[in-house]
Amino acid sequence: MADLFKKQAKKYSDNRPGYPDELFRFIASKTPKNDLAWDVGTGSGQAAVSCILIKYSHVQQLSKIYKNVIATDASEQQLAHAHKLPNIHYKHTPATLSPADLARAVSPEPHAVDLVTVAQALHWFDLPAFYAQVNHVLRRPGGVFAAWCYTLPLVDPPVDSVFNRYYATSGPYWDAARRLVEEEYRTVAFPFGPVEEEDHTGPFEFTSKVEMGLDGFLDYVRSSSAYQTAKDQGVELLGEEVVAEFEAAWGGEGTKVVRFPVFLRIGRVVE
């Protein structure tokens, strides 16, 4: 999985959306302790940074909630472009790392992590093995696991129409695991119980909003694994004609608000 994002790590870091403040407020309200969070498959750190420093100035920094975040990823290239903050501790965890070594990289003591998060990456994991690790590190009682994905961007009808045609042509170049995202994580295995005050594990829906110009939007498209896979096979998904269609639909050089639907699964360890 890490190899899919190796070549476009910088582009991925620059153009992936962050996550909405409401998402983290909701998650934080479900964790009884706020000492340690583990962000798995952190990539270039969008979730880890959001866990620590919310980019909107009117929102209190969540670093006042979680004292420390361990942020791990199998890709050294992605981690090289992650934002650095004092209480985020980035660690490279290659796929060859043993379960015991991975557990030690997160915490020397079992059941010491208050929250485990996975942003836009759960569909890549060997879930039985991963969930065994989650159960090993989560605090008992009350440890919380939260995983979320975002689906296709929404701009306005003209742009969305062009994007949907583009997305259809990109279909053969997506990994099969992408289907879990298209299904909004509704069908992913999720062996956790509902968190406090909830009667199900989701998905709970949120929306991330990002202001983008056309160049930024096209760079977001180019940062996808499907685009890179196609390019490696000699196929340019964003050829001149497609870019011209986007330019016509965008209607000028101004920025637009791009909305990303976000779907959260959240649960607690089951004793």
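**Briefing: sheet and helix packing in a predicted model**

Of the 271 residues of the protein chain, 54% count as buried, where buried means under 20% relative accessible area, exposed over 50% and partly exposed in between, with a 1.4 Å probe and protein chains only. This is a predicted model, in which local features need pLDDT of at least 70 and side-chain atom pairs count only at pLDDT 80 or more, while totals for chains, interfaces and linings use all residues. Residues are numbered from 1 along each chain as its sequence is written, and side-chain values use heavy atoms, with hydrogens and water left out. The protein chain has eleven helices and seven strands; helices (H or I, at least four residues) and strands (E, at least two) are DSSP runs, numbered from the N terminus.

**The sheet**

- Seven strands form an open sheet with mixed pairing, in the order S3-S2-S1-S4-S5-S7-S6, and two strands pair if DSSP finds at least two bridges between them.
- Strand S3 (88-92) and strand S6 (204-212) stand at the edges with a single partner strand each, so one side of each is left without a neighbour in the sheet.
- From one strand to the next, the twist averages 20°, with axes taken as lines fitted to C-alpha atoms, for helices over the stretch in contact, and angles running from 0 to 180 degrees between N-to-C directions.
- Strand S1 (residues 36-40) and strand S2 (residues 68-73) run parallel and are joined by five bridges; Asp39 has Ala71 in S2 as its bridge partner.
- Helix H5 (residues 99-106) packs on the sheet, where it touches S1, S2 and S3, and its direction makes about 135° with that of S1; contact means heavy atoms within 4.5 Å.

- Ile88 has its place in strand S3 and, at 7% relative accessibility, counts as buried.
- Ile88 and Val69 are 19 residues apart along the chain, and their C-alpha atoms are separated by 4.8 Å.

**Helices H7 and H11**

- Helix H7 (residues 157-170) packs with helix H11 (residues 240-250) at an angle of about 160°, with their axes 8 Å apart.
- H7 and H11 are therefore roughly antiparallel to each other, since angles under 35 degrees count as roughly parallel, over 145 as roughly antiparallel, 65 to 115 as roughly perpendicular and the rest as oblique.
- The contact is made by Pro158, Val159, Val162, Phe163, Arg165 and Tyr166 of H7 and by Glu245, Phe246, Ala249 and Trp250 of H11.

**Contacts along the chain**

- Among contacts in the protein chain between residues at least 6 apart in sequence, 81% join residues at least 24 apart.
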